[in-house]
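Colleague: I have a new chain on my screen. Can you walk me through it?

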Amino acid sequence: MDTKMTIIRVERTHRFSKSLGGKLYVDGSFVCHTLEIPWRWNKKNVSCIPPGRYTCFWRYDRGRVQVENILCPGGMRVGVQIHAGNVPAESTGCILVGTLLLDNKVQHSKDAMALLERAIWGTELGP
């Protein structure tokens with residue numbers, strides 16, 4: 001089983017009434033837009049993660065990308081994933097992705113996941 005680790009960068013670009021919108025980069029290249037729930041001091045399940053650079057890997061058991069090394073008060077935050085979804089209610093502290101960012105939502109989320117997988121693993125490899 002391939003356990004390739006990849007560095008991603010999450011950047012925030014928009015503050016909406018119920019969410020934060022941003023951009024996700026792999027190896028310095030823009031891949032897709034992000035949507036996260038608002039900042040609540042990096043608390044598990046109710047907050048976005050801090051913007052920054054993170055390692056990630058494919059979670060075979062969930063079919064998602066898992067983000068690692070998220071510093072938070074008292075240690076490390078675990079279980080944050082990048083996955084398909086369109087509105088903040090579909091996230092409990094995870095990062096939703098889409099090819100189009102709108103007010104409090106992303107669209108074409110499954111297409112964005114395919115772009116992210118291709119950016120991380122290339123066209124011949126993959127989870």
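Modeller: One term before we start. Helices (H or I, at least four residues) and strands (E, at least two) are DSSP runs, numbered from the N terminus. Also, this is a predicted model.

Colleague: Okay. What runs β1-β2-β3-β9-β8-β5-β4?

Modeller: A closed barrel of seven strands. The pairing is mixed. On average, neighbouring strands of this sheet are turned by 40° against each other, direction ignored.

Colleague: How many bridges join β1 to β2?

Modeller: Seven. Strand β1 covers residues 6-15 and strand β2 covers residues 20-26. The two run antiparallel. V10 has L24 in β2 as its bridge partner.

Colleague: Now the helix. Which strands does α1 lie across?

Modeller: Helix α1, residues 109-121, lies across β1, β2, β3, β4, β5, β8 and β9. Against β8, α1 runs at about 135°.

Colleague: What about the largest nonpolar core? How many residues are in it?

Modeller: It has 22 residues. I8, L24, V65, V67, I82, V97 and L116 touch the most other members. At least two residues come from each of β1, β2, β3, β4, β5, β9 and α1.

Colleague: Which element gives the most to this core?

Modeller: α1, with five residues. Apart from this core lies another, of five residues, with L35, L96, L101 and V106 among them.

Colleague: Back to V65. What is V65 in contact with?

Modeller: Leave aside the neighbours within four places in sequence. Then V65 is in contact with residues including M113, L116, I120 and W121. C56, F57 and W58 are also among the contacts of V65.

Colleague: Let's switch to loops. Where is N42?

Modeller: N42 sits in the loop between β3 and β4. Its phi is near 60°, a positive value in a residue other than glycine.

Colleague: Why does N42 count as buried?

Modeller: Because its relative accessibility is 4%, and buried means under 20%.

Colleague: What reaches the backbone nitrogen of N42?

Modeller: The side chain of S47 does, at 3.1 Å. S47 is found in that loop between β3 and β4 too. S47 is buried, with a relative accessible area of 0%. Beyond its neighbours within four places in sequence, S47 is in contact with residues including W39, W41, R77 and G93.

Colleague: One last residue. Where is N104, and is it buried or exposed?

Modeller: N104 lies in the loop between β10 (100-102) and β11 (105-107). N104 is buried, because its relative accessible area is 13%. The phi of N104 is near 65°, a positive value in a residue other than glycine.

Conventions: Residues are numbered from 1 along each chain as its sequence is written. This is a predicted model: local features need pLDDT of at least 70, side-chain atom pairs count only at pLDDT 80 or more; totals for chains, interfaces and linings use all residues. Side-chain values use heavy atoms; hydrogens and water are left out. Two strands pair if DSSP finds at least two bridges between them. Axes are lines fitted to C-alpha atoms, for helices over the stretch in contact, and angles run from 0 to 180 degrees between N-to-C directions. Contact means heavy atoms within 4.5 Å. Buried means under 20% relative accessible area, exposed over 50%, partly exposed in between (1.4 Å probe, protein chains only). A polar contact is a pair of N or O atoms within 3.5 Å; within protein, one must be able to donate a hydrogen and the other to accept it, and residues adjacent in sequence count only if both atoms are side-chain atoms. A nonpolar core is a set of buried Ala, Val, Leu, Ile, Met, Phe, Trp, Tyr and Cys residues joined through side-chain atoms within 4.5 Å.
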